[in-house]
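Colleague: Before I use this model, I would like to go through the terms one by one. Please set each value against its definition.

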Amino acid sequence: MENVVILGTGVAGCTAAIYAARANLAPTLFSGEQDGGQLTLTTEVENFPGFPDGITGPKLVEACKKQAEKFGAKFKYDIATGFEEIESGFEISFVSGEKVQCRTLIVATGASARWLGIPSEEKYKGKGVTTCATCDGAFFKDKKVIVIGGGDSAMEEALFLTKFASSVTVIHRRDTLRASKIMQEKAKAHDKIAFIWDSAVEEIVGEKFVSGVKLKNLKTNDITDFACDGVFLAIGHIPNTKFAVGKLDLDDHGYLKADKNMHTNMKGVFAAGDVQDTRFRQAITAAGSGCMAAMEAEKYLSELGIE
Ligand code: NAP
């Protein structure tokens with residue numbers, strides 16, 4: 001039986017692994033669908049302390065993994081589908097069919113991109129509709145693209161896309177952005193970026209690939225056609241807690257409920273990172289909560305007499 005299993009290899013999971021491994025608990029991490037978590041899909045991270053010149057998301061997470069491995073953490077690619085309480089711990093089931101038993105479980109499964117949920121979006125997924133500018137931006141060289149959303153992710157994606165696209169139009173459902181001031185200012189100052197306010201994408205149109213969208217002005221209900229080659233969604237995330245439904249306490253939006261010490265409702269199960277964070281959702285807060293979850297797991301194990 002494993003002492004510590006960590007679900008998720010983003011910055012929260014990796015930080016938990018560094019602490020658990022340094023406490024000689026030989027943790028095993030399981031990647032989930034997005035190995036390395038959301039940082040692998042971002043560009044420059046400018047606000048993680050210790051990197052005055054910034055660092056790319058993939059480089060930061062790779063360094064965290066390497067650091068955890070150095071102390072004996074093991075990384076596996078698999079996706080948890082459920083888990084059961086067993087005597088003295090838990091048994092986790094994975095997509096591969098593997099079952100793993102552990103004494104403590106740290107859930108750091110993060111969150112995945114939210115989609116609009118309109119039928120045409122499904123039709124054009126991978127044919128001009130995407131949630132990842134870092135992954136797909138280069139396919140839109142000299143093309144006209146839109147970014148949907150008004151948060152930091154939308155500004156970041158819009159700015160990144162200016163490297164390739166001929167024009168980037170941000171479509172936001174309100175007339176004020178949710179993004180931080182610095183990101184707003186950067187996006188608003190860029191001559192390739194324009195904004196359409198109070199508007200929602202009603203439908204994505206095209207032949208084989210996207211050729212435009214139908215926009216609804218939410219104040220006047222007017223529908224207009226807007227020609228574009230790419231649709232980038234940046235409308236937030238949904239926590240990855242499917243595997244825990246009916247077992248762990250979740251809030252109304254599916255976020256894992258944890259107390260201030262990262263304990264869930266189940267003894268021996270701890271939470272870390274975006275899966276439990278409805279407020280901050282930063283790389284640094286994810287890392288901090290990963291540290292806390294691992295220290296609490298260590299304390300729990302030592303109370304059971306496992307050092
Ligand atoms: P977010 O802050 O939740 O913003 C989501 C945006 O999408 C909001 O503007 C929201 O509109 C809009 N939206 C949500 N559902 C929608 C729908 N169905 N249709 C149309 N628009 C919809 O998410 P995020 O931008 O991904 O950021 C998440 C967290 O990560 C934040 O804490 C952010 O600060 C952080 N982050 C930081 C950086 C950075 O510092 N460089 C970069 C990326 C993300 P409303 O505003 O009307 O609600």
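Modeller: Start with helix α5 (residues 152–161) and helix α6 (residues 181–189), which pack at an angle of about 35° with their axes 9 Å apart. The model is predicted, so local features need pLDDT of at least 70 and side-chain atom pairs count only at pLDDT 80 or more, while totals for chains, interfaces and linings use all residues. Residues are numbered from 1 along each chain as its sequence is written, and side-chain values use heavy atoms, with hydrogens and water left out.

Colleague: What makes α5 and α6 helices, and what is the angle of about 35° taken between?

Modeller: Helices are DSSP runs of H or I with at least four residues, strands are runs of E with at least two, and both are numbered from the N terminus. Axes are lines fitted to C-alpha atoms, for helices over the stretch in contact, and the angle, on a scale from 0 to 180 degrees, is between N-to-C directions.

Colleague: Why is the crossing of α5 and α6 called left-handed?

Modeller: A crossing is left-handed if the near helix is turned anticlockwise from the far one by less than a right angle, and right-handed if clockwise. α5 passes α6 in the left-handed way.

Colleague: Which residues of α5 and α6 meet?

Modeller: Asp 152, Met 155, Glu 156 and Leu 159 of α5 meet Met 183, Gln 184, Lys 186 and Ala 187 of α6, where contact means heavy atoms within 4.5 Å. By class, this contact has four nonpolar, one polar and three charged residues. Ala, Val, Leu, Ile, Met, Phe, Trp, Tyr, Cys and Pro count as nonpolar, Asp, Glu, Lys and Arg as charged, and the others, Gly among them, as polar.

Colleague: How many residues are around the ligand, and which come nearest?

Modeller: There are 20, and Asp 152, Ser 153, Arg 173, Arg 174 and Arg 178 come nearest; a residue is near if one of its heavy atoms lies within 4 Å. α5 gives the most to this shell, with three residues.

Colleague: Why does the pair of Thr 109 and Asn 240 count as a polar contact?

Modeller: A polar contact is a pair of N or O atoms within 3.5 Å; within protein, one must be able to donate a hydrogen and the other to accept it, and residues adjacent in sequence count only if both atoms are side-chain atoms. The backbone oxygen of Asn 240 lies 2.7 Å from a polar side-chain atom of Thr 109, so the pair is within the cut-off. Thr 109 is in the loop between β8 (99–107) and β9 (111–113).
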